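Subject: Structure handover

Hi,

Here is the structure for you to look over. My notes follow below it.

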Amino acid sequence: MSITIPIGPQHPALKEPISLRMTIDGEVIKDADIRLGYNHRGVEKLFEGKTYIQNIYVAERICGICSHSHTTCYVNGVEKLSGLEIPKRAAYIRVLIAELERIHSHLLWLGVAGHEAGFDSFFMYTWRDREIVMDILEEISGNRVHYAINTIGGVRRDIDETQKTKILNHLKVLRERTQYYKNLGTNEPSFVARLSGVGKLSREDAIALCAVGPTLRASGVDMDVRKDDPYNCYEEIPFEVCTSDTCDVLGRTVVRINEVLQSYDIIEYVLKNLPAGDVRVKAPRKVPEGETVSRYEAPRGENIHYIKSNGTDKPERLKVRAPTLGNYPATVAMLKNGFIADIPLIFAAIDPCICCAERMAEIQDVKTGSTEIKTFDELKKYSKKFDKHTEHKKDVEWPL
Amino acid sequence: MTEEIIINKLKELSGGKIIEAVNPSTKRIYIKVLPENLIEVISVLKEKLNFLHLSTITGVDKGQTFEILYHFASKDSVLTVRTEVPRDKPEIKTITSIIPGSILYEREIQDMFGIKVLEIPDPRPLLLPDDWPAGVCPLRKDFKYQRPEEIIPGGNK
Amino acid sequence: MAIVKTFFYLLIYPGVLFLFVYALFCEWFDRKAYARLQNRRGPLHTGKAGILQPLADYIKLFSKEEIIPEKADKIMFTLLPVFGLAIVLTSAMYLPIWNYSTTKIGFNSFPGDIIVLIYLLSLPTIILFLAGWHSTNFFSEIGGVRVVTMFFGYEIPLLLSVLSPAILAGSWRLSVIAQFFQSNPGLLIVNIIGFFIALIALQAKLERTPFDIPHAETEIVGGTFAEYTGRNLAFFRLMTDIELIVGSGLIATVFLGGFPGGVVSSFIWFIIKTLFVIFLLSVMKSAFSRLRIDQMVKLSWYILAPLGIFQILITLLVKGVIR
């Protein structure tokens, strides 16, 4: 007897809404189907109505964790269109933030993988150390998640010597912890038993289904945009592309941990060889007519933006392909003939990121049931009005 | 392999099916083909020139025509195959037989531009809801969004 | 007088009231130990060091709305948690803590009570299966099936491991087994393999990580508990908490020499020994990731069951030597 069970749109294993329909027979999955669109915000349409500068902030909000990836990809494309050469120091700072973001994303993923496998201790430990990266990012950019460091023509903030030494000190701790996780994640018997041999994706399938990022590299294909199509001075920075031949979830874990270790090396190189000079050049508001394809290696894989300009200060068309979409066909192939118990692991192994948030708030009055739509300014006024009536607590101590 | 060699080789292998080939910057190639020659050119790209990875498919509304761009990537270069279909008869053949991973991008194009992808194995909408009105294509330039009237199920009895 | 004593035994100590209070304490202890092992703080705010947090959780659950699925069998759905709680409360009666004698046969101590206790402890599994099945939810049904599949895995190793101290003591009576080991504490070392088998089997019986397969939240939402809310869920949680005490009490009795002495000293021994067992279970919970159902069954049949038989062989040899 086979039944269809819905995994999602709301399910504890998924942090964001997506619907996976599984046809199962006993504990074995016979067929899988993915239904998207629960979180579609029409960002591509939104891009067409905003100026290039405004679009940086829209691009930043495509995804929370890859916020730097989307802006860098977009900004690189726009700079190429308008023929701008950014200062080397700016490119290095972009690389620095990008690699910190990669560490942050991969440590987060490790924790999630532990949680999906029921290994909550691993989850708690990696997420504690992820805080260190968040602190570094806050130190540099002032924000923990949306760094807002990119602008057309360079970066918005410079780093100084004290910040450099601080980052290097933090890195020492992180490197030690990551070695420990590598040891733990690849040697702990019950964890390895859950990961190895799960979600097989052969090299041929991975290429045919156009998988990207660690999913592809764990199947033995050494595709990395940083090496194949270097941007932001990546051609000057020595690093290795991490691959694995095991083609399973364990391989994806190993690839990610090795990438984190590579990122530490890149950051050290960048900090030691940071060129002097300005961090940005002045950019014109209007972009000449043209088109370009901008690629970027996000933590989850290849991120691609196609930008078409029409000579005004607004783009004609801006196509965004986030890495997760490229991995969905491969996920369906991986899920088939697996166990129910492996669904969260296989799905989490592509590091899915189904992005979020709407731009317009809708307020529903509970008593009358009437709906009114408020613009952002009205909301701001409303919050200020609300704020006046609440008392401010002074010197509040954090209960811990 | 530099861009020059790739373009020459492609022209040679496809036998005059390339209408236009430009190389505006390093590692970027744009070629233009007719919709009926698309599959042939793509299979040449995949089998002879090692462009195995399809990054994405982009649709652009150009007024009278829709431009469809297939972005391919290999170790050497990024190649964009450009083709145009008329607005009054927006139809294109699927390339899933050559590149199975293109299915989601083709479904997205179908949703967003109303371009009919012929012989697609799975024609359901990808991103739009199931009750989306037919013939309304959000990414066409003539689409203007209007917030539908809110109906709360079970409310306001 | 005897009737008053029996009523006191059933209702206050070590009956319902004591078990309820101690179950709350054990849950707090387990949560705190688990949290500290994971580098967290655990409950902090309710009471001193969060000691009242489990009570607060129960009060919250009891005050929540109860939702019964439309297609579910309403009588079974609401009665099963109460049955489960009643069964584990009954099983607690057989632990030799107080008011028992090793010679006279009473209602709570007689030859063969170890079998009755194990039998009563296996009933909650059936209750959980029925609860999952009667919820008429896909996830609950899968959870229910997993409960039964796991039951076939861990029950035999548990029985085999508990058998060996009984053979060594030459009795099927818990109080006699405990007394035997109290007078020969050196012989406890013989059962060391059995002790660990019993710990693993108990962990599986209580469905805690690495054996929380039937209600793995990331896989099958809440499994057997997916449809349970409010009071019914609270009963199930209380059932699991009391089962934890009874299970660790059983292990403490047969493997750690029971609870010697009068009212006060047996009480202290009971607390110390059960907390020790619960602490070991918490360590196990934090050190492993969840197994798959096939791996779990394989583990119990390929490793635990043969080890249990090996333990019995050792016990038989030792028994031959000491005679």
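Chain B has an open sheet of five strands in the order β1-β2-β5-β4-β3, with mixed pairing. Strands are DSSP E runs of at least two residues, helices H or I runs of at least four, both numbered from the N terminus. Two strands pair if DSSP finds at least two bridges between them. β1 (20-25) and β3 (53-61) of chain B are the edge strands; each has a single partner, so one side of each lacks a neighbour in the sheet.

This is a predicted model: local features need pLDDT of at least 70, side-chain atom pairs count only at pLDDT 80 or more, and totals for chains, interfaces and linings use all residues. Residues are numbered from 1 along each chain as its sequence is written, and chains are lettered from A in the order written.

β1(B) and β2(B) are antiparallel, with four bridges. A21(B) pairs with I31(B) there. Two residues separate these strands in the hairpin, where K27(B) has a positive phi near 60 degrees. β2 (28-32) and β5 (78-86) of chain B run parallel, joined by five bridges. Y30(B) sits opposite T80(B).

A pocket is an open set of points on a 1 Å grid over the protein atoms alone, where a 1.4 Å probe fits, with protein on both sides within 12 Å along at least five of seven lines; lining residues have an atom within 4 Å of a point. Of its 40 lining residues, those closest to the centre include E207(C), R208(C) and H215(C). α10(C) gives the most, eight residues.

Best wishes

Key
Side-chain values use heavy atoms; hydrogens and water are left out.
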